[in-house]
Amino acid sequence: MIKVENVIKSFEGRDILKNISTEFGTGQTNLIIGRSGSGKTVLLKSLVGLHEVDKGAIYYDDICFSTLDFRARKAIRKDVGMIFQGGALLDASTVAENVKLPLDLFTDQSEEEKMERVNLCLKRVNLENAHKLYPSELSGGMVKRAAIARAIVLNPRYLFCDEPNSGLDPQTSIVIDNLISDITKEYNITTIINTHDMNSVMEIGEKVVFIYEGQKWWEGTKDDILHADNPELNDFVFASAMAKRAKMSVK
Amino acid sequence: MFKFFESIGKYTLLMQKVFSRPEKRSIYYTRIMHEMETLGLNSIGLTAIISIFIGSAVTLQMAITLESPFIPQFMIGYATREVMILEFSSTVLALILAGKVGSNIASEIGTMRITEQIDALEIMGVNSASYLILPKIVATIFFFPFLAIFSMLIGIAGGYGIAEITGIMNPTDYVEGLRYYFYTSEITYSLVKMVFFAFCITSISAYCGYYAKGNSLEVGKASTRAVVISSIAIMICNLVLTQLIRT
């Protein structure tokens with residue numbers, strides 16, 4: 001479980017996150033949604049410690065992550081996996097080397113054991129034939145799947161995904177969404193996904209937090225969205241005329 | 001002025017991070033070997049070409065300039081040796097390497113920064129500064145002095161070759177000049193300088209890349225900045241070290 005308590009973050013005097021409090025449960029896919037520039041990426045980066053919060057606290061289960069020093073955070077980070085928007089695979093390494101890197105750095109396993117784990121993770125994301133390929137030789141969907149394999153190689157307890165579907169076609173997006181959702185259930189991970197893909201929200205949004213102008217504006221499940229009366233949320237989720245008609249018909 | 005001191009502070013903090021205890025030594029060993037190949041071995045061709053031509057050109061220039069019955073011919077070999085050992089194979093070669101290796105390091109690390117690869121390493125709990133920069137610094141500090149020795153040999157050989165080919169001077173006199181008043185301390189001085197230059201090039205370029213932000217345009221700017229600042233640092237370092245060691 002990850003808990004956010006009264007988090008405030010500003011850059012150069014401009015408030016980006018304004019007193020955000022929420023909770024992300026274990027074994028479920030938690031989605032942060034919001035317009036571009038609403039502060040959801042800053043929130044995600046604050047959660048993983050890439051940005052320091054100005055005020056407030058972030059708890060990983062019972063540990064207050066935001067007050068820990070670099071060394072103490074390092075211990076928690078071994079339990080954290082993150083999938084970046086562009087995949088963030090190391091360009092100079094092959095897919096297998098990318099996935100193996102956390103094992104090389106943090107375990108004392110033999111080369112055979114490491115390769116066995118790499119093979120297992122790559123198989124899990126349907127990339128068993130991509131070991132020797134470099135990131136530049138992969139399609140967008142393959143990059144995301146390789147990033148997922150790297151994120152889960154150390155059996156993380158927390159998984160963060162920053163817009164995992166950006167740049168992907170709708171079908172591949174659903175494949176990635178379902179893969180993340182399945183892995184969340186399989187390993188009982190606390191997964192937090194940053195997205196503005198409404199297909200993802202409706203497909204895997206077990207908990208949805210809507211960020212509007214740096215504030216938590218609404219939270220609920222994907223089913224609650226259909227019946228929500230929050231005008232900003234409805235404007236965002238049902239932006240097109242067709243979606244608005246669909247919402248009316250549900251009502 | 002404030003920005004200058006801010007940069008010095010950021011550079012110092014980065015170096016502190018770079019020289020903190022490595023995560024796993026075996027990984028670093030592999031990375032150092034890889035960097036030696038990328039930054040060192042891959043610079044041999046450029047070093048050879050430039051050194052041979054400069055060695056030849058210096059010999060020709062000396063032969064033309066020192067054409068006088070009062071100056072013995074072996075002085076041409078002597079002057080070529082001094083130019084190659086004392087300045088070209090350390091300072092000028094370092095400036096050339098700042099262009100090649102420095103821009104390579106800044107653009108590589110800068111690209112990693114803007115594509116969030118560095119963030120990915122940090123999330124894994126890796127000290128990204130140490131993981132990415134330390135192997136490069138160690139590799140260049142060890143390898144660049146060999147490039148300097150290689151450059152001295154090739155440059156001097158180039159001078160001999162041009163003497164032999166053009167007949168502008170007697171090659172035997174050239175060799176005599178090479179042996180005239182030769183002190184090995186000159187080579188030591190040159191190699192010590194190269195160690196400092198290697199550190200300047202790698203650390204400054206890495207710093208410029210590490211703090212790049214924005215888009216690919218910024219990576220290009222970081223790369224240019226790396227070459228300019230490294231070159232200035234080399235010149236200042238050269239002056240200071242010459243004063244300290246040679247006087």
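1. A quick term before the sheet: two strands pair if DSSP finds at least two bridges between them. Helices (H or I, at least four residues) and strands (E, at least two) are DSSP runs, numbered from the N terminus. With that in hand, chain A has an open sheet of 4 strands in the order 2-1-4-5, with antiparallel pairing. Strand 2 (14-24) and strand 5 (63-64) of chain A are the edge strands, each pairing on one side only.

2. Before going on, some ground rules. This is a predicted model, where local features need pLDDT of at least 70, side-chain atom pairs count only at pLDDT 80 or more, and totals for chains, interfaces and linings use all residues. Residues are numbered from 1 along each chain as its sequence is written, while chains are lettered from A and ligands numbered from 1 in the order in which they are written.

3. Back to that sheet. Strand 4 (residues 55-60) of chain A pairs with strand 5 of chain A in the antiparallel sense, over 2 bridges. Look for I63(A) in strand 5 of chain A: I63(A) is the bridge partner of Y60(A).

4. What lies across strand 1 (2-11), strand 2 and strand 4 of chain A? Helix 1 (residues 40-48) of chain A does, running at about 65° to strand 2 of chain A. (Axes here are lines fitted to C-alpha atoms, for helices over the stretch in contact, and angles run from 0 to 180 degrees between N-to-C directions; two residues are in contact if their C-beta atoms, placed from the backbone, lie within 7 Å.)

5. Chain B has 9 helices and 0 strands. Its C-alpha trace spans about 70 × 40 × 35 Å along the principal axes. Of the 247 residues in chain B, 44% are buried (20 or more other C-beta atoms within 10 Å of the residue's own; 12 or fewer is exposed, in between is partly exposed, and C-beta atoms are placed from the backbone).

6. Where the chains meet, the contact takes 14 residues from chain A and 13 residues from chain B. Helix 5 (residues 117-123) of chain B gives the most to the side of chain B that touches chain A, namely 5 residues.

7. Two backbone spots deserve a look. E163(A) has a positive phi of about 45° without being a glycine, and sits in the loop between strand 7 (158-162) and helix 6 (170-187) of chain A. Y181(B), also not a glycine, has a positive phi near 45°; its loop runs between helix 7 (171-179) and helix 8 (184-210) of chain B. Buried or exposed? E163(A) is buried, with 20 other C-beta atoms within 10 Å, whereas Y181(B) counts as exposed, with 9 C-beta neighbours inside 10 Å.
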